[in-house]
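Biologist: I would like to learn how to read features from a set of coordinates. Please take me through some of them.

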Amino acid sequence: MYQQVIGCLMKDPSLLQADATSLTIDDFGKDNMAARACFFALNNLASQGYHKEISVQELEGYLENFSKVKQAYNRHGGRDFLCASLEKGNIEHYPAYYKELKKYSLFRDLLDHGYDLGPYDYIHVNTMEREKEAKARLA
C-alpha cells in the first residue's frame, strides 16, 4: 500500500494539500525507509507549491540536498521502490489507499503504546492466515 500511495502522490502532489488528507512521515512504517524518504521529498516539494507530476529524476534530484535521506533511499532500494510505485499508483483509488494507510498507521501507533488489538492486530492476523494457508497446502 505504500507504493500505491507514493505513486499517486508522484502523479498528483496536490493530493497532499487536500483538506481531507493529513499524511505524515509516521504513516509510513519505520521498516520501509524507501517509502519514508520518498514521502519526505514529495511532501516538501508539494509544500513548496509543486503541483505537476514528479518524475523519479526530479525526486532524486531533490534528495541530493539531503545526504542522509538520500543514503537511506539508495541503501533501501529507493529507485526500484519508486518505479514500482509509479506503476501501482492509480489516482482513482487514492481514497482507498489513503484509508488503508491511515488504518495501518493507527494500528502501529496503538501497538507501540501497548494496546492489545486482539483479532484486529493485523500483524498477527496476517501471520495466522499464512499459517492456515501453509497447513492447507500440506494437507
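Biologist: Which side chain does glutamate 100 meet in a salt bridge?

Modeller: Side chains of opposite charge can pair when their charged atoms come close. Here glutamate 100 pairs with lysine 103 at 3.5 Å, N to O; a salt bridge is a side-chain nitrogen of Lys or Arg within 4 Å of a carboxyl oxygen of Asp or Glu. This is a predicted model, in which local features need pLDDT of at least 70 and side-chain atom pairs count only at pLDDT 80 or more, while totals for chains, interfaces and linings use all residues. Residues are numbered from 1 along each chain as its sequence is written, and side-chain values use heavy atoms, with hydrogens and water left out.

Biologist: Where do glutamate 100 and lysine 103 lie in the helix?

Modeller: An α-helix has 3.6 residues a turn, so residues three or four places apart point the same way. Glutamate 100 and lysine 103 are three residues apart in helix α6 (residues 94-112), which means about one helical turn separates them. Helices are DSSP runs (H or I, at least four residues), numbered from the N terminus. Glutamate 100 is partly exposed at 28% relative accessible area, and lysine 103 is partly exposed at 34%; buried means under 20%, exposed over 50% and partly exposed in between, with a 1.4 Å probe and protein chains only.

Biologist: How many salt bridges are found in the whole structure?

Modeller: The search finds six. One of them joins arginine 36 to aspartate 26, with 3.9 Å between the closest N and O atoms. Arginine 36 is in helix α2 and aspartate 26 is in the loop between α1 (2-11) and α2, so this pair ties together parts 10 residues apart in sequence. Arginine 36 has 13% relative accessibility and so counts as buried. In another salt bridge, lysine 52 comes within reach of glutamate 58, the closest N and O atoms being 3.5 Å apart. Glutamate 58 is partly exposed, at 29%.

Biologist: Next, helix packing. At what angle do α2 and α4 pack?

Modeller: The angle is taken between N-to-C directions, from 0 to 180 degrees, with axes fitted to C-alpha atoms over the stretch in contact. For α2 (residues 33-47) and α4 (residues 67-75) the angle is about 140°, and the axes are 8 Å apart. The two helices are therefore oblique; under 35 degrees would count as roughly parallel, over 145 as roughly antiparallel, 65 to 115 as roughly perpendicular, and the rest is oblique. Contact (heavy atoms within 4.5 Å) is made by Met33, Ala37, Cys38 and Phe40 of α2 with Val69, Ala72 and Tyr73 of α4.

Biologist: At what angle does α2 pack against α5?

Modeller: Helix α5 (residues 78-88) packs against α2 at about 70°, the axes being 9 Å apart, so the two are roughly perpendicular. On α2 the contact uses Ala34, Ala35 and Cys38, and on α5 Gly78, Phe81 and Leu82.

Biologist: Last, α1. How many of its residues are buried?

Modeller: Eight of the 10 residues of α1 are buried, among them Tyr2, Gln3 and Val5. Their cover includes α2, α3 (56-63), α5 and α6. Glutamine 3, at 17% relative accessibility, counts as buried. Apart from neighbours within four places in sequence, glutamine 3 is in contact with Phe81, Ala84, Ser85 and Lys88.
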